[in-house]
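Visitor: I would like a close look at one part of this protein. Please take me through it step by step.

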Amino acid sequence: MITNKQWIYRRQPVGQITTDHYELVEQAMDTTLADGEVLIASRYFSVDPYMRIGQSSKPTYDAEAHPLNTVQQGGVVAQVLASRAEGYVEGDWVQSYTGWQTHARVHASALKRLDPAVAPVTTALGVLGMPGRTAWFGLTESGRPHAGEVVVVSGAAGAVGSLVVQFAKRHGARVLGIAGGAAKCAWLRDALGADWAIDYKAFSNADALGAEIKRLTGGVDVYFDNVGGMVTDAVIPLINRRARIVICGQISQYSGGLEAPELGPRLLHHMLYQRATIQGMLARDYLHRMDEMIRIVAPWVRAGEIVFEETVIDGFEQLPSALNSLFTGDHRGKLLVKA
Ligand SMILES: NC(=O)c1ccc[n+]([C@@H]2O[C@H](COP(=O)([O-])OP(=O)(O)OC[C@H]3O[C@@H](n4cnc5c(N)ncnc54)[C@H](OP(=O)(O)O)[C@@H]3O)[C@@H](O)[C@H]2O)c1
């Protein structure tokens, strides 16, 4: 008999997410497997900003919000405990989308096998997973940087942003990373190779931040936006002719701002002046090209040419507070929770 622990999503948040919006439930689990099924034990949980978007009361890219009173959905790296599926044996590492629960019975067709000899299994939730796919296709298909161009990345020290910084450098661009705090900025320059880094928290308004971006870069050819808000207000007036703006995320707006959007400065005249383009991109649109990204990026990972830092929080009980920390915390790279 196995006791399955689950974080159940109970209440829709209005602003910041807290543990009040979840309930930890423990119950005995029926481990009887049907043909083709596998019993898995979750080892690592992905914690992602899209989880907060899914709790929005307004329509988003999904027709329906995350249903209440169900297990919080999310990506997981797990190990097989028992199997009635061909090719899966106890101890195998897999990736699944079984959410915030310690165990799950799942059909093998919903699993992706992981080989720890090829790359650390946690990379399936980071550099070789959804964040890597977002960074790679967002930059190469929407941003399309050329050597010598200026690429500005907001949220630059996070899971997606830290990869965009490095991918842009590999394209020969000059890269400015924008992140919160001096320590993150030092990391962007020293470990990731950003040409410049700015701590947006040191600026009280978009004009002052924009003046510093202008002083460092002269102007912006590609803006890879993960955060929106004041940072974006600062960057848009600085775009160069035929700039490309990639809207990957708007995390500054997720905790309440999706329901009641702030009205910022109207900046679209800059798009007109500079014949610029602005494009939203979603990782799920590139799911069918996952192997293409892995073929390119995995050799860099194996050769140690890409920094793919992971911040791992210990303990299944920490999941809701880990999600909250995406909006307030200090993590660098990909945020994971270890069971
Ligand atoms: N389009 C897609 O398919 C797709 C896929 C994955 C992720 N995304 C988006 O990409 C963005 C980054 O996701 P991620 O998984 O890589 O998360 P992450 O960057 O690892 O974590 C979130 C970071 O956002 C920053 N942040 C939080 N609140 C902020 C605010 N009010 N203003 C400015 N920065 C703020 C924090 O860094 P600081 O300490 O630097 O403030 C925090 O560490 C999110 O907006 C997410 O929704 C989009």
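At what angle do helix H2 and helix H8 pack, and how far apart are their axes?

Guide: Keep in mind that this is a predicted model. Helix H2 covers residues 130-143, and helix H8 covers residues 290-302. The two pack at an angle of about 95°, and their axes are 10 Å apart. Angles of 65 to 115 degrees count as roughly perpendicular, so H2 is roughly perpendicular to H8.

Now the residues that touch. H2 contributes Met130, Gly132, Arg133, Trp136 and Phe137. From H8 come Met290, Glu292, Met293, Ile296, Val297 and Trp300. Sorted by class, the contact of H2 with H8 has eight nonpolar residues, one polar and two charged.

Next, follow the chain on from H2. Glutamate 149 sits in the loop between H2 and strand E9 (150-154). Its side chain meets that of arginine 244 in a salt bridge, 2.6 Å from N to O. The model's count of salt bridges comes to 14.

Both E9 and E13 belong to an open sheet. Six strands form it, in the order E11-E10-E9-E12-E13-E14, and the pairing is parallel. Strand E11 (196-199) and E14 stand at the edges. Each has a single partner strand, so one side of each is left without a neighbour in the sheet. From one strand to the next, the twist averages 15°.

Three bridges join E9 to E12 in parallel. Here valine 151 stands opposite valine 222 in E12. E12 (residues 220-225) also runs parallel to E13 (residues 239-247), joined by five bridges. In that pairing, valine 220 faces isoleucine 239 of E13.

Isoleucine 245 stands opposite isoleucine 278 in E14.

Last, the E11 side of the sheet. Helix H4 (residues 182-190) lies across strand E10 (174-179) and E11. H4 runs at about 170° to E11.

Terms used:
Residues are numbered from 1 along each chain as its sequence is written. This is a predicted model: local features need pLDDT of at least 70, side-chain atom pairs count only at pLDDT 80 or more; totals for chains, interfaces and linings use all residues. Side-chain values use heavy atoms; hydrogens and water are left out. Two strands pair if DSSP finds at least two bridges between them. Helices (H or I, at least four residues) and strands (E, at least two) are DSSP runs, numbered from the N terminus. Axes are lines fitted to C-alpha atoms, for helices over the stretch in contact, and angles run from 0 to 180 degrees between N-to-C directions. Angles under 35 degrees count as roughly parallel, over 145 as roughly antiparallel, 65 to 115 as roughly perpendicular and the rest as oblique. Contact means heavy atoms within 4.5 Å. Ala, Val, Leu, Ile, Met, Phe, Trp, Tyr, Cys and Pro count as nonpolar, Asp, Glu, Lys and Arg as charged, and the others, Gly among them, as polar. A salt bridge is a side-chain nitrogen of Lys or Arg within 4 Å of a carboxyl oxygen of Asp or Glu.
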